[in-house]
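Colleague: Thanks for sitting down with me over this one. Could you walk me through a helix pair and a cavity?

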Amino acid sequence: MFDLVSEYSPQGDQQQAIEKLLKSIQHGNRHQTLHGVTGSGKTFSMANLIAGANKPTLIMSHNKTLAAQLYSEFKNFFPNNAVEYFVSYFDYYQPEAYIPRTDTYIEKDSSTNEEIERLRLSTMGSLITRKDVIVVASVSCIYGLGSPEDYQNMMLPIHQGMQISRDEFLNSIVELQFERNDITFSRGQFRVRGDVVELRPAYLEDTAVRIEFFGDEIDRISEVSAASGSKLGSMKEYVLFPAKQFVTSKPKVAKAIQQIRKEMKSRVAEFESQNKLIEAQRIRMRTEYDIEMMQELGFCQGIENYSRHLTGREPGATPGTLLDFFPDDFLILADESHVTIPQVGGMYEGDRSRKASLVEHGFRLPSAMDNRPLKFDEFMKRTRQCVYVTATPGPFEMMNSRPDNKQYIPWKRGELSANQAMKLIRKTLKVSSSSEPVEDFEVERRGSHLIVEQIIRPTGLLDPVLTMYPLDGQIDKTIELAQSRVDLGERVLVTTLTKKTAEDLSDYLKGVGLKVSYIHADVGAIERVEILRSLRAGEVDILVGINLLREGLDLPEVSLVCILDADKEGFLRNETSLVQTAGRAARHEKGECVLFCDVVTDSIQALLDVTNYRRAKQIAHNELHGITPHSVVRPVQKSLQQYRDDKSESHLAAAEDTEEYSPAKLLAQLEKEMQEASALLEFERAAHLRDQIKALKAEKK
């Protein structure tokens, strides 16, 4: 089913990793881990794994930007298969909330992205009608989506010669949530001209469907251009999917309204018995208004809060999600699993705490609590086979990547530290290292874990050299080391523990004549992009930051990373953070990571051990095959100011081709900041960011 198209073949130790993981999947193991270092081609290995396993696949990423990048790459790898994109379709989303201490009610406010909604609908349609489907998704895939049975039952298959009157057909497509509009012709709308009906399905990009009637019979079905109306081709048959993601039949809506009214009366009586008359009046007025809207218009603001009644679920039952649209035998690839898996685990509690306040104070019925993301246990029960892909596997991956483990093993903080997990990894790899022949895999299966290494880079690049210096004089030593790299035309990253330290150090380094800038969470998205571009272009030689210099930054010009106060154990100096931070220098042939410390902590020792282990294997591989390491070379994107000044098509095309921070990625970052501001109730900042997004979108057009 899956046709992998690539001019490349597996290099380094990609082949052995692919073969071992495939054998594990074919054996039926539920959990396995691809322990791949930065720059080793994990995405290409994932593509080969999908082609070999030949199963519908869900690729999970922890943010929209990385998901979009993966979607683009897999579209190129599998041009003949259905590669879909499923992320949150809100450009702006302010959830409904109530803050008791200030008696502040915040109405839900949102704006949706039509293109992302189209892609979500396309995803649902592909999963129902095909098996060769790859879905790249964010954590949005664990949120309520309605029943796949309802969605499938409401599909309308039509064919040439079908006996149905025009009016019956129009009634049917209205039930599918299509809206009539004879003036404009947008997605999810239809128009009627005599015996000709034209629909624009929401999941199609630039085409529409024309149905021509002859009496009470469908005479002709055609595909037409949505813009010009010109005919593109004829079809004997076609299947119309609902125009919205959340659809329910009329009988179900009528039954749901009865249940909603019954729950409302019970809740009002409960409030009145407690002498909470304001709450009783509030929930009565809100619910009656919503019921009236549903009866008259078929929807209401916040209709998702009634999803339990609309889908006919029992109280507390698991909501339907995108996972329910997959067949029983599907594969999950959790990219950057050390971030993605904890993110999945945290969604439920955050959602519950917000809704509990709304229910308690009469803004929502208790059934609104059942409109929620999956709990972590529910998510794991719906997974069949999972491959965790990460450069820094943690306790969860280690405890679950075991042969014949049919159920997942929950991990609670404190049961096993990240350092202990990494020691367990190294102990395992001494038994079943990637240098063993594939034929010995059955022996490996009976070992302790299914952790498959991929540490040889196709470019031959080695993990950066690690050097340690004492804390005393760390600033002066940093200046000396940085100056030597700058003289060679290379770049430097310096990581600190606090924002204030980053700013003060940046000012100090400027005072000694170095071109330096700082970057942290308070720096705006546009300015952040410009700073990173300036670093790559040589306008800035040294960048000072905090944890923003870890995952996701591709800076090939950086040859030196200095970690100040490396022995201060904590989130920013644990093993995972140190490994990820050191990896920022792994794209340069002279890569070096300097740690300033007086004590070799467990995290530092773990970094030393894993780096020495990797470098030994990488050097041996290069010597065996006569490979000379060479730095990664990538073009530097143009300044965003240039995009604003020159809006020619050539410049827009160049913006799309830049490696890291194109306008599309900048928009994604701004949207993320806007949502974070909304969550923190910083409404003025959120509104300002929203205006920036609108301005950038207008410029892009």
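Modeller: Happy to! A word on classes before we start: Ala, Val, Leu, Ile, Met, Phe, Trp, Tyr, Cys and Pro count as nonpolar, Asp, Glu, Lys and Arg as charged, and the others, Gly among them, as polar. Please keep in mind that this is a predicted model.

Colleague: By class, how many nonpolar, polar and charged residues does the lining of the second largest cavity have?

Modeller: That cavity has a volume of about 130 Å³. Of the 17 residues that line the second largest cavity, the closest to its centre include Asp463, Val579 and Arg614. By class, the lining has 9 nonpolar, 4 polar and 4 charged residues.

Colleague: Which element gives the most to the lining of the second largest cavity?

Modeller: Two elements give two or more residues to this lining, namely α18 (575–582) and α19 (602–625). The one that gives the most, with 4 residues, is α19.

Colleague: Now the helices: how do α15 and α16 lie to each other?

Modeller: Helix α15 (residues 474–487) and helix α16 (residues 499–511) pack with their axes 12 Å apart, at an angle of about 55 degrees. Angles under 35 degrees count as roughly parallel and 65 to 115 as roughly perpendicular. The two helices, α15 and α16, are therefore oblique.

Notes. Residues are numbered from 1 along each chain as its sequence is written. This is a predicted model: local features need pLDDT of at least 70, side-chain atom pairs count only at pLDDT 80 or more; totals for chains, interfaces and linings use all residues. Side-chain values use heavy atoms; hydrogens and water are left out. Axes are lines fitted to C-alpha atoms, for helices over the stretch in contact, and angles run from 0 to 180 degrees between N-to-C directions. Angles under 35 degrees count as roughly parallel, over 145 as roughly antiparallel, 65 to 115 as roughly perpendicular and the rest as oblique. On a 1 Å grid over the protein atoms alone, a cavity is a set of points where a 1.4 Å probe fits but cannot get out, and a pocket is an open set with protein on both sides within 12 Å along at least five of seven lines; lining residues have an atom within 4 Å of a point. Grid points are joined across faces, edges and corners, and a volume is the space filled by probe spheres set on the points.
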